[in-house]
4 protein chains.
Amino acid sequence: MDIQSFKEVAKKYKVIFLDSYGVLRNYQGILPGVRDMIKFLDDEGIAYYVLTNDASRSPIQLAEAFASRGIPEITVEKIISSGMIAREYLENKVNSGTVVYLGTERSAHYIESVGLNTLSISEVDLANMDDFTAMVLLDDEGFDWNYDLTKAVNILRKKSLPVIVANSDETYPLSKDHVSIAVGGIADLLEPLSDKIFIRFGKPDSQIFHFAYEYAVTDLQMSISKRDILMVGDTLKTDIIGGNKFGIDTCLVLSGNIQAKNAEVLISATGIIPNYICQSVST
Amino acid sequence: MDIQSFKEVAKKYKVIFLDSYGVLRNYQGILPGVRDMIKFLDDEGIAYYVLTNDASRSPIQLAEAFASRGIPEITVEKIISSGMIAREYLENKVNSGTVVYLGTERSAHYIESVGLNTLSISEVDLANMDDFTAMVLLDDEGFDWNYDLTKAVNILRKKSLPVIVANSDETYPLSKDHVSIAVGGIADLLEPLSDKIFIRFGKPDSQIFHFAYEYAVTDLQMSISKRDILMVGDTLKTDIIGGNKFGIDTCLVLSGNIQAKNAEVLISATGIIPNYICQSVST
Amino acid sequence: MDIQSFKEVAKKYKVIFLDSYGVLRNYQGILPGVRDMIKFLDDEGIAYYVLTNDASRSPIQLAEAFASRGIPEITVEKIISSGMIAREYLENKVNSGTVVYLGTERSAHYIESVGLNTLSISEVDLANMDDFTAMVLLDDEGFDWNYDLTKAVNILRKKSLPVIVANSDETYPLSKDHVSIAVGGIADLLEPLSDKIFIRFGKPDSQIFHFAYEYAVTDLQMSISKRDILMVGDTLKTDIIGGNKFGIDTCLVLSGNIQAKNAEVLISATGIIPNYICQSVST
Amino acid sequence: MDIQSFKEVAKKYKVIFLDSYGVLRNYQGILPGVRDMIKFLDDEGIAYYVLTNDASRSPIQLAEAFASRGIPEITVEKIISSGMIAREYLENKVNSGTVVYLGTERSAHYIESVGLNTLSISEVDLANMDDFTAMVLLDDEGFDWNYDLTKAVNILRKKSLPVIVANSDETYPLSKDHVSIAVGGIADLLEPLSDKIFIRFGKPDSQIFHFAYEYAVTDLQMSISKRDILMVGDTLKTDIIGGNKFGIDTCLVLSGNIQAKNAEVLISATGIIPNYICQSVST
């Protein structure tokens, strides 16, 4: 297994897609050397975008979090979240009525910005659902799991609705050793109980990569081929297989989910093969 | 589809296994005619046992519920629950240490009766788990889903434990139109997130049928062949396929999960074929 | 359920994506009225493309089949197959070595056109696999299932390779009442046995829709928004949910998989809701 | 991880259940020291039975294979196969009509011994299936996979039948490095394509353990508790979890599927914990 310098790898590309958690930050904050790497990319004229499975906050809020932690270079224009893909779906396909959601009010505000009414599942009256046009799973916080998950199942048993999972991750890390169940895990619980087929957005699904690709072409006002783009991530089953499937080169960094000693075994065991392996983005 | 009289069917057998919910009772209480049917079985000298996927209460509490609703004939000796199978497992395989559980204190008391310490997952200190010897999923009530489900995942990521699902049902009915997520549904959420293989007890698994069979032989002090037993239930995917697989005859009643108009389609669609179909046990 | 005239629906759009089997043709040949509908679209200036899950033949061969059956208007430029998406993947991600495949020689010729060596799995020497860079599942014909499926499992157990499923359909219709196992069904068998994560192309995955969208923009040399496009198909779980997820309007036709009497139940049961329902494309 | 002497472990029990492949034999023949171990058990008065997931041969044929390889002590009375459980099911539940099967003629002869007609799926006329009462999957050999697997799907789409999987193993070893797809793997392919729910026999399902337990009680004419029995196997996901769930002690041997260096990791990763670990049964 050949470990390479990230900066040497990055210089071969015009555009870099960066995963956030495990690549730029972790539970303790921004990873060492990330700001220097961002400056390096800016100096070299290499464009970059953050691709993150997150629907709990708007891109503005995500950018504010980077700024407040010392990386103001990652502005809202640099951020592409799975919540944006879910929002685009609602804009294109659900242009009226009330969208019921699991998540915080903050996560719902962002959905409202396409002109839809939203209603928390906790406030749904099961006898009065005529106006509902979709259900969206946004965040694992902001509701009572004991009551509202069962309520979500009953809504879907009574009313045929498209169900949008705005972040397909099953867990997210809380600390070095602990994880929390994410909204994608909740979706895996609700889907078989409701007998509906859910629509999942976020890596590894290719739609977020297409969105990012088209966004970059527009943003940079230049022609970009898939060969010009590198996806950088710490997770084989989201970042790397997603990038591979979309047809772009991929780089696994060992600063998050996967430790150096396990990388080769995991790559061989899954058949998910990155083009490069780097210790971190600061190398 | 030929609908038969339950009493005529029952007379062909020496022992009847009766599912509880949808057969003897529903959300409104005991179904009409059940006590008469029980008297009929007693008069005819046909033995009967209630086989129920329930680990939230002890057999004593289940019998008290029948007595308080007007059927004192269904005594504790007539009741076989999936919680009893889980308890037998703990007795045979886990004879020391602390068993951590999801469920109410009431459900845990029953587990304690084999001489094990129990600890609610809500009270677990993740830094102090040396003494743990098993995890048991007992009931969907008695804990905070927001915190304790994630805690269960983290316990299993740190400590290798056998996980016992004492009731594999995914949902249970609350009223005519509403269901609640049962502890088997919670198990389906936790199992992939913890990467462990869980042990599930309760219909359709054959262990509860074997337990009931051996229990009946001992209780009745007579020789019984599988051909002498009839399993009666309202659910194809638990009662009927479980009875079929165990090798006994099966009778679907239409007083619960399945309506008469859908029975033939569902039987054909699943390939789960009961020997008899009756409107209810009171016919 | 409101059944509409397809031509009235089509007039609202600039571009139509048409599924092939069950929409344009079936086991008996081209469906009645299809050529008239194609002429109607041409007369109205509505662009159309055929989106088909097929990797057994090249687009040229697919176009020849339409021409030989009386619809020369569906030229190779109108055809987008899942095999094209698989071919694009190989071009972008696998630029050297030997690609091993399940399928006919005919299906492999098309893969070779990007400059890769191909080798049928039946001809693989398990002691000599250094040069292999990918495995592609192309077609359910052209190999011996008794030997070559087991051989595919053994190749993947010995060598870490990306596995591309060029058509994710599990079955395809042979006649009114009979189906055949398709290469997507074979993939479902091989994936758990080899412990690898396969990459699947074809509807409902969004990559074929993106490919078609970008193809249409280039081909028509005009600006197209997702709101200008209609996906027409006979299958909820591929055509309709795929189109919905991509963010375009969808039209279910009742000339294939789904009969009129079942449409409402199936839509309600799955939560996959088309924008329109039409008897067939000739209405 | 504490590696113990098998003979020291065995002396604690009255009855030993032995897995066959990986414990008594492998692709090269009988493992070294097995006959001595068998004599040791006989000398010590410890009863033993072979529990094997095999439906391709009758117990008589399995015993002949042991005898011809130098272990005549393993007579037909010592052998309990998953095929025997399937046969008991057919005897109890399917007492007339024709049973269609996938497998060799040899495997079907054994089914015929309960008085049922059998018909290979290859010989089924899809227009003439009135007499069919069950489908049994017996062996991965004896039929043409290209034609007969698709034919099995079409039979099940046209006719509602119980489907019995007489061996739930997904693969079996052909040599040190190679596996073959077993009939349980074929069942995993056919089940979702036919939309039926199959009945699977063989470890880890508890029915074979119950059968063996009752068989031993009758055979030995003595009272046996579950605490008197040890299950010995080389596979966590069949032998060990199956024995654990049935409530008997379990012993993992490292002479088959699992190598010593991986045992601890695999036990921890799955939560399937044997009571003992031994290098082989000859220690």
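In chain C, seven strands build an open sheet with parallel pairing, ordered β1-β16-β15-β14-β2-β5-β6. Strands here are DSSP runs of E with at least two residues, helices are runs of H or I with at least four, and both are numbered from the N terminus. Two strands pair if DSSP finds at least two bridges between them. At the edges of this sheet stand β1 (3–4) and β6 (79–81) of chain C; each has a single partner strand, so one side of each is left without a neighbour in the sheet. Strand β2 (residues 15–18) of chain C pairs with strand β14 (residues 229–233) of chain C in the parallel sense, over four bridges. Within that pairing, Val15(C) has Ile229(C) in β14(C) as its bridge partner.

Before I continue, a word on the source. This is a predicted model, in which local features need pLDDT of at least 70 and side-chain atom pairs count only at pLDDT 80 or more, while totals for chains, interfaces and linings use all residues. Residues are numbered from 1 along each chain as its sequence is written, and chains are lettered from A and ligands numbered from 1 in the order in which they are written.

Let me turn to chain B and its strand β14. Is β14(B) enclosed or open? Five of the five residues of strand β14 (residues 229–233) of chain B are buried, so the strand is largely enclosed by the rest of the structure. A residue is buried if 20 or more other C-beta atoms lie within 10 Å of its own, exposed if 12 or fewer, and partly exposed in between, with C-beta atoms placed from the backbone. Both faces of β14(B) are covered: Ile229(B), Met231(B) and Gly233(B) are buried on one side, and Leu230(B) and Val232(B) on the other. As background, side chains in a regular strand alternate between the two faces of the sheet.

The neighbours of this strand are as follows. β14(B) pairs with β2(B) in the parallel sense over four bridges, and Val15(B) finds its bridge partner in Ile229(B). β14(B) also pairs with strand β15 (residues 249–253) of chain B, again parallel and over four bridges; there, Gly233(B) stands opposite Leu252(B). Together with helix α9 (residues 236–246) of chain B, β14(B) and β15(B) make a right-handed β-α-β unit. Right-handed means that, with the strands pointing away from the viewer, the path from the first strand over the helix to the second runs clockwise.

Gly22(B) lies in the loop between β2 (15–18) and β3 (25–26) of chain B. Gly22(B) counts as buried because it has 20 C-beta neighbours inside 10 Å. Leaving aside residues up to four places away in sequence, Gly22(B) touches Asp234(B), Thr235(B), Ser255(B), Gly256(B) and Asn257(B). Contact means that the C-beta atoms of two residues, placed from the backbone, lie within 7 Å.

Chain A as a whole has ten helices and 16 strands. Buried residues make up 52% of its 283 residues. The radius of gyration of chain A is 19 Å, which agrees with the value near 19 Å for a compact globule of 283 residues; the radius is taken over C-alpha atoms, and the globule rule is 2.2 Å times the number of residues to the power 0.38. Of the contacts in chain A with a separation of 6 or more, 73% join residues 24 or more positions apart.

Finally, the assembly. A rotation of 180° with 0.0 Å of shift along its axis superposes chain A on chain C, with RMSD 0.0 Å, by least squares on the C-alpha atoms of residues with pLDDT of at least 70 in both copies. That is the relation of a two-fold axis. The same surface serves both copies, as 100% of the contact residues of chain A recur in chain C.

In the other contact, 20 residues of chain B meet 18 residues of chain A. The largest share of the chain B side, eight residues, comes from α6(B). By contrast, chain B and chain C share no contact, and their closest C-alpha atoms lie 13 Å apart. Chain A and chain D do not touch either, with nearest C-alpha atoms 13 Å apart.
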